[in-house]
Amino acid sequence: KMYIADSRSFSIDYKNNCFRKDGKPFQYISGSIHYSRIPREYWKDRLLKMYMTGLNAIQVYVPWNFHETLQGVFNFAGDRDLEYFLNLANQTGLLVILRPGPYICAEWEMGGLPAWLLQKPNIILRSADTEYLKATSVWFGVLLTKMRPWLYQNGGNIISVQVENEYGSYFACDYNYMRHLHNLFRLFLGEDVILFTTDGNTDKEMICGTLEGLYATIDFGTDTNITAAFIRQRRFEPKGPLVNSEFYTGWLDHWGDKHASVDTVKVSKMLGEMLSMGASVNMYMFEGGTNFGYWNGADHDTRFRSVVTSYDYNAPLSEAGDPTDKLLAIRDVIKNFRDIPVGPMPPATPKFAYGFVTLQKVGNISSLLDTLSPQGPVQSQYPLTFEEIKQYYGSMLYRTTLPRNVPEPTPLISPLNGIHDRAYVSVNGVYKGLMERDTALVMNVTGQQGDQLDIIVENMGRVNFGSYINDNKGLLGNLILGNDVLTDWSIYPLDIDTAVANGWLQAGHSGSGMEAGDGPMIYSGTLKSTGLAWDTFVKLNGWTKGQVWVNGVNLGRYWPQRGPQQTLYVPGPFLSATQPNNITVLELERAPSHRRILFMDRPQISVNHSWLIKSFASPIPGIKLS
């Protein structure tokens, strides 16, 4: 027993510029897969497809906020069972490159950092800030202690562990922070495991992201000169293996983007070139998966741009885990460098078009407050943020009354761009329109003194990259109506997910005859059982923007007008083959009069025409609308 454990080793050979596994030279060909974006029931299927492509490793992010959503409450059960995932990878024959952060980027909510960190005003995230380091140390005490037995030298399959994530791209450039993390990793994981960093292909990023004692790797995609990039890695790491830790097989989409795609020929050609240089390569992503629920991130360069629900990424395995032409081309390249497993590639999971479901209106948010906000409102003279109320995701209702008669249209203004991220405004229950971060900070309101002003504010996902990751949500400053600062707010946290999961939001008979109505509204309906529980894709044609639940599971956001994504992925395991399936929709703006949604057997995630038309006041000649 002891002898076997001793014979297992994974190390860097600086003389021969390679990794060594059990003493033999080793090159990894890896793909990124995120367990948090794939239902547990499908983990094995996806890992097997990766193994059959010829990969010998996978690269895995651990999102801190997925496991410690509430401070001090750790969840590693069900879809969060990381050790079960590592075990499946091990049984499949895949080694693991673990990326525990604490920050991960990943187009994931706040880059994996828990929003409760923002309760400390002015906290400097990703730095040697005391509060931040304290929280990080507690988290790693839990996570890395669980990971230690899974290290390769301890009999597991983790061959290396990444410290932080592309830290060189962050403004802080705080070496004390990186040193602190280095010490933490060594404390909890021991002296033997390879610790490494990954940074973008620029000098600034490599200078701020690397640290003595952590092996420096680089990342780049098909638009890059391989030789130049590896020369840069060599400047920071003169000896040891060449490593591209994120070779981009595709790219992400924001709402309103044209769907990203990266050419298969470029990907496979470049992969072959890097492997023939002896480099170890990880493909980011190999399967992207889905930003279920509220887990999507956002970017903030010139303005706030939220990432779509699908994380398909144009990757070799599709969002639904199906092999693509890109996968077959990659497999053909890998064949030249190692023996790949004999046998057929597992097929695509079966899909089914269940057809139309007509939904009934349950009611608008304001009429359902007893159900959605059972603990009632928090009273405050001025608006409070989501973080101050300790509701981190979803939406909240801010309620006050008009301070005087407003007979003429009067501007309601967020002077400091404090709408994070979209605000749906109604007066006396009648929807008046919306305000949006960075783009629509003013709208006109009329009414009588004492009229009820309701503002539902939606968190569209926290910024996951760059300097703006301190992304508080809600109303971040006062609202002004004409010359009056609005005060005396009742702020209702809305726990729509619990209400849906408990079946409290079923359409009553009273609701069925009501007119559609605008503004945030809940609808529900039933997808009858067919004897099948196969994957499907739900399309909300004519609906505007909102969230969908199937049997209490939050599938994520839809926004077909903004696009490019038109369908949401519904994994078969979320459905029942024998019981009626409960469908709930939160439509934030306007439902179509037909109130139908459609379950299809294929995705539509790249429809681009609608956003073009949206951005112009009048139709453009020469563009046909399908």
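We're working on a predicted model, where local features need pLDDT of at least 70, side-chain atom pairs count only at pLDDT 80 or more, and totals for chains, interfaces and linings use all residues. Residues are numbered from 1 along each chain as its sequence is written, and side-chain values use heavy atoms, with hydrogens and water left out.

**Exercise 1.** Work out what span helix H5 should have, and compare it with the distance between its end C-alpha atoms.

*Solution.* Step one: helices are DSSP runs (H or I, at least four residues), and strands are too (E, at least two), numbered from the N terminus. H5 covers residues 130-147, so there are 18 residues.

**Exercise 2.** Is Arg557 buried or exposed, and which side chain makes a polar contact with its own?

*Solution.* Step one: find Arg557 in strand S31, residues 553-558. Step two: buried means under 20% relative accessible area, exposed over 50%, partly exposed in between (1.4 Å probe, protein chains only). Arg557 has 1% relative accessibility, so it counts as buried. Step three: its side chain makes a polar contact with the side chain of Asn296, at 2.7 Å. Such a contact is a pair of N or O atoms within 3.5 Å; within protein, one must be able to donate a hydrogen and the other to accept it, and residues adjacent in sequence count only if both atoms are side-chain atoms.

Conventions: The expected span of a helix is 1.5 Å times one less than its number of residues.
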